[in-house]
Amino acid sequence: MEVIRVEDAEAGLLAFIAMDAQRRWPAFGGVRRVRYVDEGAAVSDARRLARAMTHKLSIARLPAVGAKTVIMDRPGLVRAKGYACLGRRIEALGGRYVCGPDVGTGGDELALLRRQTRHVNPAGNDAGRATARGVLAAIRGLCAVRFGSNQVRDLSFGIEGLGSVGMAVAKELVASGASVSATDLQAGCVAEARREGITHLSGDSLWTGAWDVLVPCAMGDCLSAARVERLRVRGVCGSANNQLRHEGLASVLQRRGVLWVPDVVASAGAVIEGVLTVAGGRTAETLRAVAERIDHIEVTTRVLLSDSMQRDESPLDGVQRQICGDRGR
């Protein structure tokens, strides 16, 4: 894993670009801007997210490796100058790394980056929409295995996070006849959810509710040991990256009879769109290929979960076995 430090005193910028070491393919990954307790925590998060992105790309059969940039959001950071500085550093990498959106980096920040570098997720792409489409495909695959049908009508879903991904997933589930409850801290998102027929939850009730499927679409590390032991759900499938507090919890979920779709499978929509459109442009042919690849997540999910059940192993074991097999070829 290669980690590049990017620092600019005038802009108040301290960022880290983590890229997996393979050089034969470009590295893809978003720019995350959040508050970290220290530099060590920032670097650790960047490395972990980059490695997860590599796994995501491997499962999706895409010719790229993982990367992640983290910006330490702290007093003194001048956002416009900071992103400009970061953009120049990404441009200097000569295409080895293609950046995109993530927590804290949306359309305005991507526009700042595009003024300095060509190596950014294409402007016409919609990462939230693409990710949501992939999560919905994974949910269909989960439902096919768990409930015998890929239809969501009359099933209940509990969603954490009503950002661009969670809200899109919630609206589509409601439109398809599902019952949806959700939690979010933003008043605007809560008001919109209520208008859409989504029940708003407060406190920790999401994690103790008896949903058919839990859909984590906020921050990672959301599945702690305490929460996993209290779950009363049949399945878990969402877009949050690195959901498990530690990998051993995949086996705990399996033991408790909860089918979990690894996030590297469910959340691949945006990077599928990014890699294919960077390579082929936003042509009609490329966009058809993007839609087909994202929708294929349903098949990937169904095969992974069915195979894991037959082998009496966790889906994480299945993902790791596939990744190791790919490396061996």
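Biologist: Which side chains meet Glu229 and Arg255, and in what kind of contact?

Modeller: This is a predicted model. In it, Glu229 and Arg255 meet each other in a salt bridge, at 3.0 Å from N to O. A salt bridge needs a side-chain nitrogen of Lys or Arg within 4 Å of a carboxyl oxygen of Asp or Glu, so a pair at that distance counts.

Biologist: Where in the chain do Glu229 and Arg255 sit?

Modeller: Glu229 is in helix H7, and Arg255 is in helix H8, which covers residues 249–255. The two are 26 residues apart, and the pair links distant parts of the chain.

Biologist: Are these two residues buried or exposed?

Modeller: The general idea is a scale: under 20% relative accessible area is buried, over 50% is exposed, and partly exposed lies in between. Glu229 has 42% and is partly exposed. Arg255 has 56% and is exposed.

Biologist: Which residue forms a salt bridge with Asp204?

Modeller: Asp204 pairs with Arg230, and their closest N and O atoms are 2.7 Å apart. Asp204 lies in the loop between strand E8 (199–200) and strand E9 (213–216), while Arg230 is in helix H7 (residues 225–230), so this pair ties together parts that are 26 residues apart in sequence. Asp204, at 35% relative accessibility, is partly exposed. Arg230 is partly exposed too, at 36%.

Biologist: How many salt bridges does the structure hold?

Modeller: There are 24. One of them joins Lys81 to Glu10, with 3.2 Å between the closest N and O atoms.

Biologist: Which parts does the pair of Lys81 and Glu10 tie together?

Modeller: Lys81 belongs to helix H2 (residues 79–92), and Glu10 to the loop between strand E1 (2–8) and strand E2 (13–19), so the bridge ties parts that are 71 residues apart in sequence. Lys81 counts as partly exposed, at 42% relative accessibility. Glu10 is exposed, at 61%.

Biologist: Which residues are linked in a network of salt bridges?

Modeller: That network links Arg32, Asp45, Lys68 and Asp102.

Biologist: And how should I read a C-alpha separation, say for Asp108 and Ala80?

Modeller: The C-alpha atoms of Asp108 and Ala80 are 9.4 Å apart, while the residues are 28 apart along the chain. Asp108 is found in helix H3 (residues 107–114). With a relative accessible area of 58%, Asp108 is exposed.

Definitions and conventions
Residues are numbered from 1 along each chain as its sequence is written. This is a predicted model: local features need pLDDT of at least 70, side-chain atom pairs count only at pLDDT 80 or more; totals for chains, interfaces and linings use all residues. Side-chain values use heavy atoms; hydrogens and water are left out. Helices (H or I, at least four residues) and strands (E, at least two) are DSSP runs, numbered from the N terminus. Buried means under 20% relative accessible area, exposed over 50%, partly exposed in between (1.4 Å probe, protein chains only).
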